[in-house]
Amino acid sequence: MRSGHLSKTKMIKAGQHLIFWIISYLFFILFYGRANRDYPTTVIFASLLFPLAIITGYFLNYWLIPYYFYTSRYWHFVLFLSYTIVFTMWGEVMISLFVFVTVSNFHVSKLDPASFDVVFLLVGLYFVIIGFIAIEQLKSAFRIMKENTRLEKIRMETELKLHESELKLLRAQLNPHFLFNTLNNLYGLTLEKSDIAPGLVLKLSDLMDYMLYRCNRPKVNLKNEVDYLSNYVDIEHIRYGDKLQIQFEKKGPFHELEIAPMILLPFFENTFKHGASKSGKHPFVFIQIQVEGRKLLVNIKNSHQHKGPGNNDSPQNGIGLKNASRRLQLVYPDKYSLKIKSTATCFEVNLEIVLDKATTIQNENIWTN
């Protein structure tokens, strides 16, 4: 199938070249025979000149220009071009003398007076040659542009597939990490025979339902995502109780926008990991999510205990935050702003994302805690 396509392309190209040279041959006859109107003699002259034009045209277009001009060897190109012009000028003079001697039998009256005008001969010849080169170079430029467009399309499709694979990998890293933390919480409560363990199991069931069945799409409704995060916060609230001060504020028409699923979870996990389990006195977590137009604003603060510059257990060093930053780059290039600030006692994240409008609008009650 491929070879057949190439053969058809070659036949079309050969046909185009044939048409061009037939037109060029007719041009030679009209151009050189316009004065004396002795077209039989001019036909002979044009027939002898015709091979010279073809050889020169193909030589310049397929050898001299690609191998010297396009490779920036300009001095060699100018040198060989000069040789070519001298050779074609000598060839035209020889053809004119041959026609003058053999065809016209030394009768000058039978020839166009311009037949011995070297400049005139070169103008006619190179008008055709330059026309041939211009057409071929334009066709070549169009083919290159078309091929570049095709390659760019392939590159973008390949890059998109790689991005999708990387996103799946990052999500696969997030989900087990979150489940591991939550199951650890549940395990601790069951050891204590806590009465809040059943509520935690129910919350975990809702989270699993969302993770397994409702977020397996590139984008989900922001309201669903916020509800999911609210469940996560409730689980952490159940775990820590009064030992951790938690404030979670939600404000805005979340149902009108959509977001990449679980892209905010690592920031939530990080704030509880460092804001509660590794803080000193009076640990706290403050989370605020609000919508302004198409912009999602997230502000997260948590207490943490500073252990010096050599501490590798800093909030910034977690794999969750690195994965979240990578996902933001892939999903929302040039559409997000992430600022992370750390002091001796507080860690803060400010995130802004420009989201797309939701394809399906859901009902939502706007509420705050």
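This is a predicted model: local features need pLDDT of at least 70, side-chain atom pairs count only at pLDDT 80 or more; totals for chains, interfaces and linings use all residues.

User: How much of the protein is buried?
Analyst: Of the 369 residues, 40% are buried. The accessible surface is about 21,500 Å², and carbon and sulfur atoms account for 63% of that.

User: And what share of the contacts join residues at least 24 apart in sequence?
Analyst: That's 74%, counting contacts between residues at least 6 apart.

User: OK, cores. Which residues have the most contacts inside the largest nonpolar one?
Analyst: L222, I259, L264, F268, I287, I289 and L296, in a core of 48 residues. Helix α6, residues 222–240, gives the most to this core, with eight residues.

User: What does L222 touch, leaving out residues up to four places away?
Analyst: L222 contacts F254, L257, E258, I259, V291, L296 and L355. There's also a second, separate core, with 28 residues, and Y68, I95, L125 and F132 are among them.

User: Back to α6. How do the axes of α5 and α6 cross?
Analyst: The axis of α5, residues 197–214, comes within 10 Å of the α6 axis, and they cross at roughly 150°. The cut-off for roughly antiparallel is over 145 degrees, so α5 counts as roughly antiparallel to α6.

User: Left-handed or right-handed crossing?
Analyst: The α5 and α6 crossing is left-handed.

User: Which residues meet there?
Analyst: From α5 you have G199, L200, K203, L204, D206, L207, Y210 and M211. On the α6 side they meet N224, E225, Y228, N231, Y232, D234, I235 and I238.

User: Is D334 buried or exposed?
Analyst: D334 is exposed, with a relative accessible area of 83%.

User: Now H17. Which helix is it in, and is it buried or exposed?
Analyst: H17 is in helix α1, residues 2–32. H17 counts as buried because its relative accessibility is 10%, and the cut-off is under 20%.

User: What is H17 in contact with, beyond its neighbours within four places?
Analyst: H17 contacts Y58, Y62, F132, E136 and K139. One of those, F132, also belongs to the second core.

User: Last one, P66. Where does it lie?
Analyst: P66 lies in helix α2. P66 is partly exposed, at 29% relative accessible area.

User: What does P66 touch, again leaving out residues up to four places away?
Analyst: P66 touches L60, N61 and T71.

User: How far apart are the C-alpha atoms of P66 and F77?
Analyst: The C-alpha atoms of P66 and F77 are separated by 9.8 Å, with the two residues 11 apart along the chain.

Key: Residues are numbered from 1 along each chain as its sequence is written. Side-chain values use heavy atoms; hydrogens and water are left out. A nonpolar core is a set of buried Ala, Val, Leu, Ile, Met, Phe, Trp, Tyr and Cys residues joined through side-chain atoms within 4.5 Å. Buried means under 20% relative accessible area, exposed over 50%, partly exposed in between (1.4 Å probe, protein chains only). Helices (H or I, at least four residues) and strands (E, at least two) are DSSP runs, numbered from the N terminus. Contact means heavy atoms within 4.5 Å. Accessible areas come from the Shrake-Rupley method with a 1.4 Å probe; for residues, only the protein chains shown count as cover. Axes are lines fitted to C-alpha atoms, for helices over the stretch in contact, and angles run from 0 to 180 degrees between N-to-C directions. Angles under 35 degrees count as roughly parallel, over 145 as roughly antiparallel, 65 to 115 as roughly perpendicular and the rest as oblique. A crossing is left-handed if the near helix is turned anticlockwise from the far one by less than a right angle, and right-handed if clockwise.
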